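Subject: Handover of a structure and the findings on it

Dear colleague,

Please find below the structure that I am handing over to you. The findings follow directly after it.

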Amino acid sequence: MRNWLRYFGIVLICSISTTFVYGQLSAIKGRVTDDKLNDPVPFVNIGIKDRNIGTFSDTNGNYVLELPAGEYELIISSVGFDRLVRKIAVDGKKSYELNFQIHNISQELSTVVVSASKYAQRIQESVSSIEVIKPAIIQNTNAQSIDKALEHLPGVTIMDNEPQIRAGSGFSSGLGSRVMILVDEIPLLRGDAGRPDWTLMPVHEVDQVEVVKGASSVVYGSSALSGAINVRTAWPKEDPETKVSVFGGLYSKPERKYATPWSSDLNPVQYGLSLSHSQKFSAIDFIGNITFNNDPGYIGATPEEAIKDSTQSTTGTYNRYLKISFNTRVRSKKVDGLHYGLNGTFMYNQSGVCFFWFNADTGLYRPFPGALSNYKVTTFYADPYVKYFGKKGSNHSFKNRIFFNNTNATNNQSNRSLTLYNEYQYQKKFSSLGDLTVVAGIMNTYSYAFGRVFSGQLNADSTTSGDIDGTYVSENFAVFGQVEKKFWKRLNILAGFRYEYFQLTDQKRHKTVFRAGLNLQATKATYIRASFGQGYRFPSIGERYITTNSGGFGFYPNPGLIPEDSYNAELGLKQMFKIGTVKAIFDIAAFYEHYDNYIEFNFGIWGRSPDFNKNMGFKFFNTGPAQIYGVDASLAGQGDITKNLSFTFLLGYTYAVPQAQDTGYVYYKDKKTWLSYNTTSSDVTDDILKYRIQHVAKGDLDVTFKRLSLGVTGKYYSYIRNIDRFFIDYDRPGYFNTGITKYREENHTGTFIMDARVSVTVRSFKFAAIVNNLLNKEFSLRPATIEPPRVTTLQIIYHI
């Protein structure tokens with residue numbers, strides 16, 4: 001590890017100290033803006049024709065270029081904009097001011113992403129499959145967290161707060177995510193549990209959300225086995241803006257009225273308030289937001305007669321929080337191209353979370369005894385950073401994140417964690433080498449976890465961690481590099497690597513993974529891509545050492561859990577077309593993923609108490625090899641029917657076949673029990689993995705007439721064929737009697753859900769009505785957990 005640090009230190013010093021010296025130079029300064037909105041355009045390449053000289057505009061659109069005396073032909077180019085050419089003559093003495101306005105081409109061609117390769121590129125030129133959520137979707141659907149917005153994307157499913165991309169993972173209570181969650185390219189998974197905190201993530205100050213499908217470990221490291229979700233926050237525009245948003249939502253009574261968990265005539269009402277302000281000062285950019293939300297939930301309390309343990313919760317589900325977010329950026333007046341600042345979010349959150357329903361009839365909207373936990377969480381992250389845009393086209397960034405969490409919880413789940421993330425990244429585009437782009441960097445993540453929930457040990461009765469506290473420290477160090485080159489202005493070829501070192505307690509592992517891909521522009525509007533990438537995921541502290549049990553439910557430790565690794569291959573086509581006034585993009589991809597030492601969540605009897613009801617719980621195991629293959633397709637576009645009538649649409653379908661490859665592999669055994677895929681699965685047909693949705697179809701249509709907009713969303717989820725056999729075998733009186741067997745027999749055809757919305761804009765106000773689960777369908781994505789009934793929301797947004 002010291003050799004790697006020494007080597008990278010040399011690279012860092014050399015890259016920063018590299019200069020190009022002329023005798024006498026003229027400084028050309030200026031700004032690049034959008035010709036319609038007059039907004040600054042960052043990362044624009046200002047180059048010299050036939051010469052290896054050039055620079056990039058900074059995040060505020062400003063640039064500086066030094067040239068000796070002579071005549072030059074400047075070429076101004078950026079992804080998503082028309083190319084601009086300007087001639088200039090300089091005398092080598094004076095300074096010149098030269099501003100550029102560039103034209104933004106059609107919307108589908110101007111979508112620029114950074115998540116696939118860590119630098120800006122047009123979405124159709126990426127070697128990876130990428131989906132993008134724009135802020136309009138978040139606002140129009142009143143999504144109060146990013147996971148709610150993600151539910152509109154093809155190929156992405158949120159099951160019990162857990163992200164799944166192309167069926168790459170099942171149910172694991174959020175522990176050990178195979179999808180890397182990031183905010184501004186910095187991971188935001190809790191260091192103790194590898195779990196996303198959707199509520200903490202910014203949602204009102206988002207520029208766009210980028211979802212990369214397929215193995216992304218070379219780019220983002222462990223936890224990116226099946227993809228990555230990157231939330232890119234926004235920056236202020238030229239004019240100051242203040243926005244106030246308020247909403248109130250009413251839960252409808254469930255489809256089964258007799259199962260309604262609230263006794264009063266007034267249905268539960270959720271409400272929230274958000275205040276945002278963004279402004280540019282002389283050399284400082286600022287954007288801030290404060291949000292308060294209160295959701296009383298739709299799950300009531302466990303019936304009093306069923307509560308037999310004083311430790312069991314007597315509340316239903318709920319979620320309320322206060323959150324403050326901010327982004328700051330200082331543009332140095334002394335050093336051109338130098339930016340620095342601090343971004344962050346602070347939140348206090350109270351919630352009640354239900355794991356299983358009481359029964360599948362009258363208790364559908366009530367928790368099983370002991371299956372609800374209460375949490376009080378104080379958490380924050382702070383991101384100090386420095387960026388430098390060099391005059392010769394090189395970019396340097398030093399990103400950091402301090403992520404702290406303190407949780408007070410019932411069921412022996414209280415804990416504290418601290419994660420420190422540091423990354424240096426160097427980036428340069430070599431125009432003289434045929435648009436060769438190089439990205440290299442070094443990263444380190446330190447995680448500390450403390451709490452009874454991480455004791456990793458059981459009491460004498462083998463049911464709980466008792467009064468034992470666990471303290472664990474993990475460290476993850478990485479070096480990465482990537483090159484991408486364009487040939488003949490049509491073919492992009494990419495190759496990259498990542499070396500990772502992990503340490504948790506006395507266990508040390510290291511691994512090097514690789515990726516490669518190409519993107520060919522076959523015609524003016526046809527792009528063919530192919531990619532291959534390896535992945536590697538080290539188990540989180542929570543997966544190995546989580547230990548808690550109360551009221552009959554628990555999580556049991558497995559300190560012997562080892563890392564899982566994978567590879568992913570994909571072949572895709574992106575076709576852009578125009579029919580009349582309709583502009584659209586069709587994308588289709590065939591994918592294959594292979595996993596070794598696949599980690600799965602298993603529900604069973606792990607305790608050894610004489611009381612059966614104190615032995616049930618979850619435990620993680622390496623279950624052997626697995627594979628997932630399928631097809632992912634989407635169609636997105638926009639069009640004008642008349643001058644004042646326009647529409648946008650999005651359609652998507654994903655078919656996945658997730659299979660166990662060695663169904664007889666025994667991953668756990670003792671004197672009485674031998675566990676394998678065959679012995680723990682409720683349905684072994686086609687060897688389908690547990691808790692997987694094989695067919696997902698989604699569609700969204702939005703029609704706008706002047707200031708009036710109407711929208712409708714449809715989502716189809718196929719039936720989950722295979723779950724833990726334990727749920728079926730013990731679904732009887734005196735044991736784990738949830739009624740799930742009968743429920744699955746009666747509901748095995750999949751679920752179609754519709755949402756609708758209408759809004760009108762009056763001057764600075766926008767009034768909207770949003771209905772989720774319009775038909776008030778009763779449905780369950782994860783077995784023994786019911787999804788919300790219809791929610792009708794009124795929203796008002798005021799722009800000051």
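Phenylalanine 532 has alanine 569 of β33 opposite it. These two residues belong to a pairing in which β30 and strand β33 (residues 564–579) run antiparallel, joined by 12 bridges. Two strands count as paired if DSSP finds at least two bridges between them; helices (H or I, at least four residues) and strands (E, at least two) are DSSP runs, numbered from the N terminus.

The model is a predicted one, in which local features need pLDDT of at least 70 and side-chain atom pairs count only at pLDDT 80 or more, while totals for chains, interfaces and linings use all residues. Residues are numbered from 1 along each chain as its sequence is written, and side-chain values use heavy atoms, with hydrogens and water left out.

Strands and sheets

β30 (residues 526–537) also pairs with strand β29 (residues 507–523), in the antiparallel sense and over eight bridges.

Elsewhere, five strands form an open sheet with mixed pairing, in the order β11-β16-β17-β14-β15. Its edges are β11 (129–133) and β15 (186–187); each has a single partner strand, so one side of each is left without a neighbour in the sheet. Inside this sheet, strand β14 (residues 179–183) and strand β17 (residues 227–233) run parallel and are joined by five bridges. Valine 179 has glycine 227 in β17 as its bridge partner.

A further open sheet has four strands in the order β3-β2-β5-β6, with antiparallel pairing. Here β3 (54–56) and β6 (84–90) stand at the edges, and because each has a single partner strand, one side of each lacks a neighbour in the sheet. From one strand to the next, the twist averages 20° (axes are lines fitted to C-alpha atoms, for helices over the stretch in contact, and angles run from 0 to 180 degrees between N-to-C directions). Strand β2 (residues 45–48) and strand β5 (residues 70–77) run antiparallel, with four bridges between them. Glycine 47 is found opposite isoleucine 75 in β5.

Cavities

The whole structure contains 14 cavities of 30 Å³ or more. A cavity is a set of points, on a 1 Å grid over the protein atoms alone, where a 1.4 Å probe fits but cannot get out; lining residues have an atom within 4 Å of a point. The second largest cavity holds about 500 Å³ of space, where grid points are joined across faces, edges and corners and a volume is the space filled by probe spheres set on the points. It is lined by 36 residues, of which Ser222, Ser223, Thr445, Ser447 and Asn476 are the closest to its centre. Among the elements that give two or more residues to this lining are α4 (217–220), β24 (394–409) and β27 (470–487). β28 gives the most, with five residues. By class, the lining of the second largest cavity has 14 nonpolar, 13 polar and nine charged residues (Ala, Val, Leu, Ile, Met, Phe, Trp, Tyr, Cys and Pro count as nonpolar, Asp, Glu, Lys and Arg as charged, and the others, Gly among them, as polar).

Salt bridges

There are 32 salt bridges in the structure, a salt bridge being a side-chain nitrogen of Lys or Arg within 4 Å of a carboxyl oxygen of Asp or Glu. One of them joins glutamate 125 to lysine 486, with the closest N and O atoms 3.4 Å apart. This pair links distant parts of the chain, 361 residues apart: glutamate 125 lies in the loop between β10 (121–122) and β11, and lysine 486 in strand β27. Glutamate 125 counts as buried, at 9% relative accessibility, whereas lysine 486 is partly exposed, with a relative accessible area of 22%. Buried means under 20% relative accessible area, exposed over 50%, and partly exposed in between (1.4 Å probe, protein chains only).

A second example is the salt bridge between lysine 399 and glutamate 185 (3.5 Å, N to O). Lysine 399 is in strand β24 and glutamate 185 in the loop between β14 and β15, 214 residues apart. Lysine 399 counts as buried at 9% relative accessibility, and glutamate 185 is buried with a relative accessible area of 15%.

With kind regards

Notes:
On a 1 Å grid over the protein atoms alone, a cavity is a set of points where a 1.4 Å probe fits but cannot get out, and a pocket is an open set with protein on both sides within 12 Å along at least five of seven lines; lining residues have an atom within 4 Å of a point.
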